[in-house]
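Notebook open, model loaded. I'm jotting down what I look up as I go.

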Amino acid sequence: MLEGSILQQLEIAHRHSKRPIRFGVYYKNTLVALCHALEDHILNDVTSPLVITAFERGKWYLQEAERYADIAKKSRQIAIMAAPDTGWAEHSTSQLPNVNLVALDPADPVAQEWHLIILSPKYTAMVICQELSAADYGSSGLPGSDLERKFYGLWTFEPELVKETATLAIAHIQRYNPQLAAKLTADQKAIQPSLATPEELSAVVSRVVDYLQTEQVNISVPTTIRHQALDNNLVSNEIQAFLRMAQIIDAADITNPMAAAEVVALAETMGQLLDLPAWQIKRLRLAGLLHRIEPLQRVESVLTSGITTSYQEDAPSCPLTCPLVPGVQVLRTMPRLRAVAQIITHQSEWWDGTGEPAGLAGDQIPLESRILALIVEFQWRVHQKQSSQLSREEIINQALEECRQQSRRFDPKLIDALTLLVMGLQQGLELPIITPKVSTGMWLLDSRLESETKNSVETNQNSHINS
């Protein structure tokens, strides 16, 4: 990272924290789609956000200046940092009273960064990156097209991290324009950001995925290999959007904030007990991370058009009359997530066929859905009892027994497997609770998630429970 850059300051601040920041590498076309989605969401936001950006050079700002004229109409203040180019200060958008230009010294490390920081009470978002150096590109050399330029950084909706970065950016502006920095500081203090509601998150995530998918269609580079690299980067960020939403949903649930991470750990262990192949455990893991998004996607989007047909094609176990679950419709537009969407959809089916949404029974219910349903129930029951005076062993045993009593709902073979898992916990098994690396979402997927093949070339790196 560049010495003295805002990205470096953010990394240093979190280097030894309990939640160190995980950065990713993004192609320029991915960042353009992300920024356009996050910016355009401002047009639907009535809370007058504070917007701070860095464009590297003024010429990149000039390409977006007309867009920023529209954004300015909805914003409290906009501060734009860039190394100046001829004409950038004279553009009509730059003359608006709430648009402020900060002409960076070309030697300033921030002049090599690409920022978008949006701060409002109900909507926070951030992209913060810096371009790779010639040395970083290595033997492959500098990219042959502008879209293939690479940037190192992250994007997020997390309010506290966005607010912290805004403070760093304002401190940097202080060096150039103390009066503007004071105004931005006052605006920032007047804004008390909070975690977005599920409905608010679903709207912006739908927009992000929409823009990323549109960019996939528009990719135009000379070779198939380079096209695939750009496409993978876009798909990775579509997955990241859902993972970020799931993390914020967990964080907003003060009664059970570790639900997804604990469900994943338990589900993976059960998958190992059942000797599932690695590709199936990986799919179960992603479903566990996303299982709480089911009630969300209630906004209209071009993404949901044509869902009924693809749903019936991709979920043959579901009758033609099976109603769609709003929360997973957008997942179904992504080929690599359709199987995961099916798992999440059918987690509310019952073993006796009285569940929803399709009334599937027994082995008609996808195995991963059955596992997920049982693990989610067990985790919730354990968590509900943690405030009691019971011992850890008593809590686990009671939760198991309560699950066992729901014989109409759960697969009896999976209850047996959960019993073995509980025996392992009682003997001291510690389940690793790992925060997903949402900056590198592609690690969760591979081509095996797109098919039902049971051949796996991967090996399971985790040991089985010794009960």
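**Overall look**

I count 16 helices and seven strands in the protein chain, taking DSSP runs numbered from the N terminus (helices H or I, at least four residues; strands E, at least two). This is a predicted model, so local features need pLDDT of at least 70 and side-chain atom pairs pLDDT 80 or more, while totals for chains, interfaces and linings use all residues. Residues are numbered from 1 along each chain as its sequence is written, and side-chain values use heavy atoms, with hydrogens and water left out.

Of the 467 residues in the protein chain, 54% are buried (under 20% relative accessible area, 1.4 Å probe, protein chains only).

**Glu 56**

I looked up Glu 56 next and found it in strand β2 (residues 50-57). Glu 56 is buried, at a relative accessible area of 7%. Its side chain makes a polar contact of 3.2 Å with that of Arg 149 (N or O atoms within 3.5 Å, one able to donate a hydrogen and the other to accept it). Leaving out residues up to four places away in sequence, Glu 56 touches Arg 149, Glu 131 and Phe 151, among others (contact means heavy atoms within 4.5 Å).

**α14 and α15**

Helix α14 (residues 367-385) packs on helix α15 (residues 392-404) at about 140°, axes 9 Å apart; axes are lines fitted to C-alpha atoms over the stretch in contact, and angles run from 0 to 180 degrees between N-to-C directions.

How values were computed. Buried means under 20% relative accessible area, exposed over 50%, partly exposed in between (1.4 Å probe, protein chains only).
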